[in-house]
Amino acid sequence: MTASTLLLLFLLSECFSGSTNPDQKNINAEPGQNIILPCRVADSRPVIVVEWTRNDLEPQSVYLYRDAQIDQLNQHPRYKNRVELQDRQMKDGDVSLTLRNVMSDDRGTYECRVVQRDAARRINLDPISIINLDVAPREFLSVFVWITVFSSVLVAEVSLKHLRCLCFL
């Protein structure tokens, strides 16, 4: 979490609530896919801060929404123009993140933190959702090779698991 976000959270609160058990999920993706990292707040209070982070990156910020706008200043460059909230209006507490054009470097653990308006002015800094994303290569990456030999065509399909050859004479 960025220092500016921590400062903002501290200034908004008088005390911190106890820890909660975050929702944990494993998601598998292939390069090039668009995926959704799910995160939902438990109640309907207005959301004032949404932060998605990866602790193994510097800066850690994948996505930050605060002050009614997206804050890209401290966002990791890898995620610029590739992430957005699935529901920008955050209806029903949905703060899920859409990640476009997944790459193998996106493999890692994502944490979702949310600050809501609260009459008691208590803020929980613990993640409410932890997503373990695994990005695996496509199981069958096919390449067709056409070879013309003496008026015959040989077609070979190459995959990560096997090699298959179809011959036409």
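Start with Cys 39 and Cys 112, both of which are buried (buried means under 20% relative accessible area with a 1.4 Å probe, counting protein chains only). This is a predicted model, in which local features need pLDDT of at least 70 and side-chain atom pairs count only at pLDDT 80 or more, while totals for chains, interfaces and linings use all residues. Residues are numbered from 1 along each chain as its sequence is written, and side-chain values use heavy atoms, leaving out hydrogens and water.

These two cysteines form a disulfide with sulfur atoms 2.2 Å apart (a disulfide is a pair of cysteine sulfur atoms within 2.5 Å). A search of the whole structure finds one disulfide. The torsion about the S-S bond of Cys 39 and Cys 112 is about -80°, so the disulfide is left-handed. Cys 39 lies in the loop between β3 (35-37) and β4 (47-53), and Cys 112 in strand β9 (residues 108-116), so the pair ties together parts 73 residues apart in sequence. Strands here are DSSP runs of E, at least two residues long, numbered from the N terminus.

Next, look at the largest nonpolar core, which has 27 residues. Such a core is a set of buried Ala, Val, Leu, Ile, Met, Phe, Trp, Tyr and Cys residues joined through side-chain atoms within 4.5 Å. Trp 52 and Tyr 110 have the most contacts inside this core.

Finally, find the open sheet of three strands, ordered β3-β8-β7 with antiparallel pairing (two strands pair if DSSP finds at least two bridges between them). Its edge strands, β3 and β7, each pair on one side only. β3 and β8 pair over three bridges, and Ile 36 has Thr 98 in β8 as its bridge partner.

How values were computed:
Helices (H or I, at least four residues) and strands (E, at least two) are DSSP runs, numbered from the N terminus. Buried means under 20% relative accessible area, exposed over 50%, partly exposed in between (1.4 Å probe, protein chains only).
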